[in-house]
Amino acid sequence: MYKFWLIFPLSYLLLLTSCGGGGGGGGTTSTPLSEESLTVRQQKASRFLAQSTFGATEDDIDSLSKTTVKDYNQWITDQMALPQTKLYDILGSKAEYEWNEHINAWLYLAVTCDDQLRQRVAFALSEILVISDQDTLGEQKLGLANYWDILAKHSFGNFRDLMTDVTLSPIMGEYLSMKGNEKPNLEENIRPDENYARELMQLFTIGLYMLNEDGTPKLDSDGNKIPTYDQDIVVAYAHVFTGWNFAGLNDWYEWKEDFDYISPMEAYPDYHDTDTHTLLQGKVLPANKTARESLDYALDSIFEHPNVAPFISKQLIQKLVTSNPSPAYVKRVAKIFNNNGKNVKGDLGAVVRAILMDDEARNGHLKAPTIFGKLREPLLRVTGLWRAFHGAAATGKYEFSWILEAFKQAPLQAPSVFNFYSPSFSQPGPVADAGYLSPEFQMYDESSIISMTNNLYALIYWRIKGNDDFDVDTVVLDLDEEIAMVNDLDKLLDKLNLLIMAGTMSTELRDAVKEMILEHGEDSGEWHTSMKVAEAIFLMLNSPEAVIQK
Amino acid sequence: MYFNRRDFLKYSSLTMGMTGLMASGLLAKNQKKKKFTDSKALVCISLAGGMDGYNFLLPVSGEKYDEYKSSRQNMAIAQDKITEITPKTSPGFSVGMHSKLGKMVDFFNEGKLALLANVGNLVKPITRDEYRNKTGKLPMELFSHNSQQKQWQLLTPSSEIGPGWAGRMADLMNSDETPLISTNISLGAFNNWQVGKSSRPFNMSGGEIASYYGMSNPDDTTDMKRREVFKKILAIPNEHLLSNAYGQIQSRAMQITDLLKVSLGELKASSVTYPADNWLGYQLQATAKLIAIQEKLEMPRQIFYVEMSGFDTHDKQVDRMDELFKQLGEALEAFWKDLEEYGVADRVLMFSSSEFGRTITSNGDGTDHGWGNHLFVMGNQVKGGEIYGKMPSLIIEGEDDSGDGRIIPTQSADQYGATIAEWFGFSESEVTELFPNLSSFSDGKIKFI
């Protein structure tokens, strides 16, 4: 499956020396400011913002292009210092919660929040530690928002703390049925629920197979992958994760209308199994521990597993930067995960910085031009459009509660705990044949791609000036600056090129877009000039060149 | 809703049609040498999440029901919620199907539907002792959803990568090139089952076949210009593998949408009403239409994948299963009626799959991931009204229990698949090639056709 080294030839050896195994900050070599043209700096900035925010804006590009790549470190530091925008607060200020109002609130957050990096990392985490409202949680909008805030709280925190808060979240408790999980009852053939125990290990922390630090699978002497655990281990953790239920119940079986979906679950000692259990890597949980002591011991035993660093690091790289990171890149980041330089494991802030500042993140597209990057997620294509072109409604809201139907992706609405796509998905055909991964392609098929293309069409052509039959909640694009450029097509396309595709537009694409714009002739009426800009944005956004974040 | 009323008016005013000339041009591309000349359509109904087959087909009275009840405890179905059936060969005790399955029980009685007892993923037959002593060969990661889905879908000795068995069937039919419309069509999620070495499935999740906005009205010159430019953009040479892969999906979507739009547009509307809010029914409705135009599309063989999720019943199982089985029964009832109305029922074989069964034991208010499972096949060519395979003992720690009531299968998915492939029209040697692991099971194919 892994062939990166074939296309990352000597450059990586060079890189390793120049990087000094770094990634902890400032490891990237960069050209002095004076030697780089403004255009190049802008393109680098736009590319960086695609990896670290919900979409590049002209203001952010301007601000970042005043510096060299090396100084992105300062931007990261500044971002990390910003107070967290809370989805709970955005949603909570609404008088009433209409259908899927948490989706609208999320769109508002993604498009407008200042703490873009924190929230973008939370988005990545939400696709690893998955919960979804598609099962039984649809009405728990504040609980879902609070779960999002838990992820965002730990975007730059410690992964071990994230494990605790996710495990005790009543939303997760309900989603993977650890809530109400009780000790065995042999007379009634009832044994603990294995759901959370299994998915916590398989999907949230260590995965199915033993990994090397660079994310590649370890193989036994016969060349087979080595399972990380067996059924006995799942059963053992299922026993440990007993005795937790909604906070504030009078008794374990109490039923009421308003269960507490916000506060962490609480332990109910009578329902906790207190036997001794053998856990991962032969660690033995002693008997007669409290529910909380057992939980901490169990989570520690998972966190200490050597798989956690490569398993989480690689997925975060895939979700922010590139679907096919080289093993060396994964290893550099995993090393930071294992030790942030201060002998702390699990420091996600250090990990995020290492991912974004790594030379492969900054220059990988130049060294592996045929594969580097990732297919943009549908949701990020929408937020990107609105951020780049100042999408806003008179009400200030971003109402698109059925975005899941339109774009086949929405926050906290995955079809199952396996997310919208698997990190190991590989598009059949040349991509799979060459042994590469393309996770986001799992959302794009011959049907969904039409829906996405059509809905982008609607979000652009039906949302421009001259087409002014808007409701107060219609998100309208502000294209005044672009419209003013239609008499200088190349200038217009340069601007769109920078915003949409970090300056990578081919001559052929530019010519094709011009051809379409010229179809509208010389008419300088408002509708026609708006249409010219709309044509360019639509065709570029849906072009094979732009849809891949490189 | 996000779009306002005016938007909908705009949308509905978009002309959906294509000219007949364009359509015949597209169809001509689909003509090639055919391996088969008669028409058959295979429909896989994937019960995703791990369906609890032991509450699908179960003892209904007497000692075996008591045994069932004592093992399943609060997961047991009350006797009055089981409809007794009389298989042609008695398993030695009275059995029934969950009564919420509705019409499916009638299908069994009419001889259209057959039940398969205790099927599952195996490398070779394994006994309880071999399992407990860890001496038998096992599929990798037995109780994990995606691993077992993949195992089921690939059925190769190393079920990790490689083409799925429906994909391999399509490969055998079209070794030279992939047709314009793939033999394999998924109305559900992407699945590995339909990915071949050379053939590729056509994924139309949900069965939706929309037209492209702003590129579909042949009377609008701007639309047609945009269409031309868009196609030109998709054809720009690009060395990036991911850009190319995206361009291919978009190009395929444009071609296939045009073709299906025309062919489906000419199809007479069916009078059958599908159940509301039934996702499986929605997919089956699209499937019925595609089978109805099978000859027009010049596809002697079609393979469909439809999916019903929600079977991962770790909690609230009893109530959830009632609803799920009801939906399953209603969707199949409408689908079958639809196939009969289109006059294509005789060519269809439907079969169910699920990554695993569930534990006989309870986790409080649900069940966890098991292994062997009871499944069904249906079609006019099925020798129905019968249970194929041995009904397992449901005693905890009994002869068929690997532990906690995860029942060891006694028929393998390979045997199941091979039987289906034989019906599909493949020769003995082709079936052996398709299912390399079949020889590990001395019973060979299952005799339900």
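Reader: Which residue forms a salt bridge with Glu295(B), and how far apart are the closest N and O atoms?

Author: In this predicted model, the partner of Glu295(B) is Arg347(B), and the closest N and O atoms are 2.9 Å apart. A salt bridge here is a side-chain nitrogen of Lys or Arg within 4 Å of a carboxyl oxygen of Asp or Glu.

Reader: Where do the two residues lie?

Author: Glu295(B) is in the loop between α10 (279–292) and β8 (301–308) of chain B, and Arg347(B) is in the loop between α11 and β9 (348–353) of chain B, so the pair ties together parts that are 52 residues apart in sequence. Helices (H or I, at least four residues) and strands (E, at least two) are DSSP runs, numbered from the N terminus.

Reader: Is Arg347(B) buried or exposed? And what about Glu295(B)?

Author: Arg347(B) counts as buried because its relative accessibility is 13%, while Glu295(B) is partly exposed with a relative accessible area of 46%. Buried means under 20% relative accessible area, exposed over 50%, and partly exposed in between (1.4 Å probe, protein chains only).

Reader: Before we go on, what are the ground rules for numbering and confidence?

Author: Residues are numbered from 1 along each chain as its sequence is written, and chains are lettered from A and ligands numbered from 1 in the order in which they are written. Because this is a predicted model, local features need pLDDT of at least 70, side-chain atom pairs count only at pLDDT 80 or more, and totals for chains, interfaces and linings use all residues; side-chain values use heavy atoms, with hydrogens and water left out.

Reader: Which residue does Lys81(B) pair with?

Author: Lys81(B) forms a salt bridge with Asp322(B), with 2.9 Å between the closest N and O atoms. This pair links distant parts of the chain, 241 residues apart: Lys81(B) sits in the loop between α3 (62–72) and β3 (82–85) of chain B, and Asp322(B) in helix α11 of chain B. Lys81(B) counts as partly exposed at 24% relative accessibility, whereas Asp322(B) is buried at 14%.

Reader: What else lies in helix α11 of chain B?

Author: Tyr342(B) is one of its residues, the helix covering residues 317–342. At 18% relative accessibility, Tyr342(B) counts as buried.

Reader: What does Tyr342(B) touch, leaving out residues up to four places away in sequence?

Author: Tyr342(B) touches Leu267(B), Lys268(B), Ser270(B), Ala288(B), Lys289(B) and Ala292(B), where contact means heavy atoms within 4.5 Å. The C-alpha atoms of Tyr342(B) and Ile407(B) are separated by 41 Å, and the two residues are 65 apart along the chain.

Reader: Switching to Asp223(B): where is it, and is it buried or exposed?

Author: Asp223(B) lies in helix α8 (residues 221–234) of chain B, and it counts as buried at 6% relative accessibility. A polar atom of its side chain lies 3.3 Å from the backbone nitrogen of Ser216(B). Beyond neighbours within four places in sequence, Asp223(B) is in contact with Gly214(B), Met215(B), Ser216(B) and Asn217(B).

Reader: Now the interface. How many residues of chain A are in contact with chain B?

Author: On the chain A side 91 residues are in contact with 78 residues of chain B. The two chains bury about 7,200 Å² between them, 58% of it on carbon and sulfur atoms. Buried area is the accessible area (1.4 Å probe) that two parts lose on being put together, summed over both. In chain A, Arg191(A), Glu446(A) and Trp462(A) lose the most area to chain B, together 11% of what that side buries.

Reader: How many salt bridges are there between chain A and chain B?

Author: The count is ten. One of them joins Arg252(B) and Glu446(A), whose closest N and O atoms are 2.7 Å apart. Arg252(B) lies in helix α9 (residues 241–265) of chain B and Glu446(A) in the loop between α21 (430–433) and α22 of chain A, so the pair joins two chains. Both Arg252(B) and Glu446(A) are buried.

Reader: What about Arg191(A)?

Author: The side chains of Arg191(A) and Asp368(B) meet in a salt bridge of 2.8 Å, N to O.

Reader: And chain B overall: how many helices and strands?

Author: Chain B has 13 helices and twelve strands. Of its 449 residues, 62% are buried.

Key. Polar contact = N/O pair within 3.5 Å; in protein donor to acceptor, adjacent residues only side chain to side chain.
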